[in-house]
Amino acid sequence: MSNLQVTAVTKSYGAKKLFEDVTVNFTPGKRYGLTGPNGAGKSTFMKILAGDLDPETGGSVSRPEKTSVLRQDQFGYEDIRVLDVVMRGAKKLWAAMSEKEALLHLPEISDEQGSRLGELEMIIAEEDGYVAESNAGALLVGLGIPTAAHEGLMRELPGGLKLRVLLAQALFGKPEVLLLDEPTNNLDLDSIRWLEGFLCNYEGVLVAISHDRHFLNAICTHIADIDYNTIILYTGGYDDMVEAKSQVRSRVEAENAERSKKVAQLQDFVARFGAGTRASQVQSRKRQIEKLQVTVLKRSNIERPFIQIPIKRPSGKQTLTIEGLGKKWPDVTICKDFSALITRGEKVAIIGGNGVGKTTLCRMLVGELTADSGTLEWGKDVSVGYIAQDHSDAIPKDTTIDDWLHSHDTKAYLQDIRGLLGKMLFKGEEGQKSTAVLSGGEAVRMMFARLMLTQPNVLVLDEPTNHLDLESIVALGEALMKYEGTAFVVTHDRNLIETFANHLFVFEPGVGLIDFRGTYDDYLAHREATTGGKKKGRA
């Protein structure tokens, strides 16, 4: 196993310097989480590690030949068998297998070609080629792709499953270096748990970007944090890094305060006796002042929004009553004879695999879709605030941030709107920014500013963590925990679920939508107990 060595790497975009003169050594057997806020340069640094992007003059990256990268070209293999897409992750093996197949299809084989076939057989054996299909199949099953789909073509899979195949491709073939940018995207909770187990047994160099705090805490032995225009290594998971980083900065700030106090005392002595007879003592104090230089603290680029959603008035105690609800959309049974009672202040996490109907359920909650059977009835004085998973249509492209927010409360003063935007990290005159040029993260933060302005007593949030960085997700979890209204939240982020949820709507395969009163840990314990320790479905 070889190291992944980064030497004197610098990267800027225009006047913005992401990182400067970074030298870091990633060693086998260690698993690194690459962290930093949106815009810090995580994906850029990952592309430099992968060789997809060159650093500025003078910098270099040394990587072993067997470096595997999670690609996102989900439509690049449409007419290829799913198992073959996975096996292409082992480039040397795939090249040998393809050459062997071509030689075997020749009408006649020369002595030289026969000798070459022998060489290829040796390569295939060394690369575990004779168990390649079974190994690829095991990866696919672990990532939630049913065995029946393995022999089919990629174009027969939905988009979310195609991305899982590409993840299996990256994991395949025992790479020496594994580079994963957001590997948990499009994975359900059980697949994430499987991936954690796989990566914790991985023996090479792992570098992963993820907005899933629980995932980083579970897999990482180290954190490589992009901040202060450099990369600093910390031992442990994400929470360990946050604590260590805070302690270092607090210690330096305390030392600076003590030094500043001492310098002020010495300067006072120099000012009082500088022209007197105590010249030697004055010179001694001056030398002490020179030695007591305050450590310059660079400004951190980490910022956390302040999300606090008050309610204008409480809803009735029985906030939502569902009786015998049935829905099929378009050909997927979302629920059948589903009943639940949600009371004021309950926080409901809606969890389940991709394509089971979580978004459809949200659209039913907010009245965009009607039930096929049964009733869904809101209680007294309910006001609903909704953030859709695809909220592009909710924000017109021909306005500004200020004007869009003002349209939701025409009585609000500009300074109130600017105050909310400031809490959501829109600074100064950024309220005049056109909505047509918003990034994904900016659009989500603007939607939260709208909720803070309109103050609904029920929230329906469909994958609200999409496009948010870790700091913003932590802020959201704290806000949901403190929110006095009722919340329904679709998410795959376990840390977020564990932070706020006291009630679950779970889509269980083979069972359907179930109502579970309790936390996610309670649900896992219940599932373990009722299935005799065997994993049931992919909740």
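Start by selecting E182, which lies in the loop between strand 6 (177-181) and helix 7 (189-200). The model on screen is a predicted one. E182 has a positive phi of about 55° although this residue is not a glycine. Most residues other than glycine have a negative phi. With a relative accessibility of 14%, E182 counts as buried.

For a second case, go to D337 in strand 11 (residues 333-343). Phi of D337 is near 55°, again a positive value in a residue other than glycine. D337 is exposed, with a relative accessible area of 60%.

Next, show helix 6 (residues 159-171) together with helix 7. Two packed helices are described by the angle between their axes and the distance between the axes. Here the axes come within 13 Å and cross at roughly 10°. Because angles under 35 degrees count as roughly parallel, helix 6 is roughly parallel to helix 7. To see the contact, select R164, L167 and L171 on helix 6, and S191, W194, L195, F198 and L199 on helix 7. By class, the residues in this contact are 6 nonpolar, 1 polar and 1 charged.

In soluble globular proteins, nonpolar side chains tend to be buried together. The largest nonpolar core has 52 residues, and those touching the most other members are V165, L171, F172, L180 and L199. Helix 6 supplies the largest share of this core, 8 residues.

Keep L180 selected and show what surrounds it. Leaving aside neighbours within four places in sequence, L180 is in contact with M46, L70, L167, A170, L171, L199, L206, V207, A208 and I209. Of these, L167 and L171 belong to helix 6 and L199 to helix 7, and these three residues also take part in the contact between the two helices.

A second, separate core has 48 residues; select I395, M447, L451 and F500, which are among them.

The last stop is the cysteines. A disulfide is a covalent bond between the sulfur atoms of two cysteines. How many disulfides are there? The count comes to 0. Select C200: the nearest cysteine sulfur, that of C220, is 8.9 Å away, and C200 is in no disulfide. Since a disulfide needs sulfur atoms within 2.5 Å, C220 is in none either, its nearest cysteine sulfur being that of C200 at 8.9 Å. C200 is partly exposed, with a relative accessible area of 31%, whereas C220, at 9% relative accessibility, counts as buried.

Key
Residues numbered from 1 in each chain as written. Predicted model: local features only at pLDDT ≥ 70, side-chain atom pairs only at ≥ 80, totals over all residues. Heavy atoms only, no water. Helix = DSSP H or I, 4+ residues; strand = E, 2+ residues; numbered from the N terminus. Buried < 20%, exposed > 50% of the residue type's maximum accessible area, 1.4 Å probe, protein only. Axes fitted to C-alpha atoms, helices over the stretch in contact; angles between N-to-C directions. Parallel < 35°, antiparallel > 145°, perpendicular 65-115°, else oblique. Contact = heavy atoms within 4.5 Å. Nonpolar A, V, L, I, M, F, W, Y, C, P; charged D, E, K, R; others polar. Core = buried A, V, L, I, M, F, W, Y, C linked by side-chain atoms within 4.5 Å.
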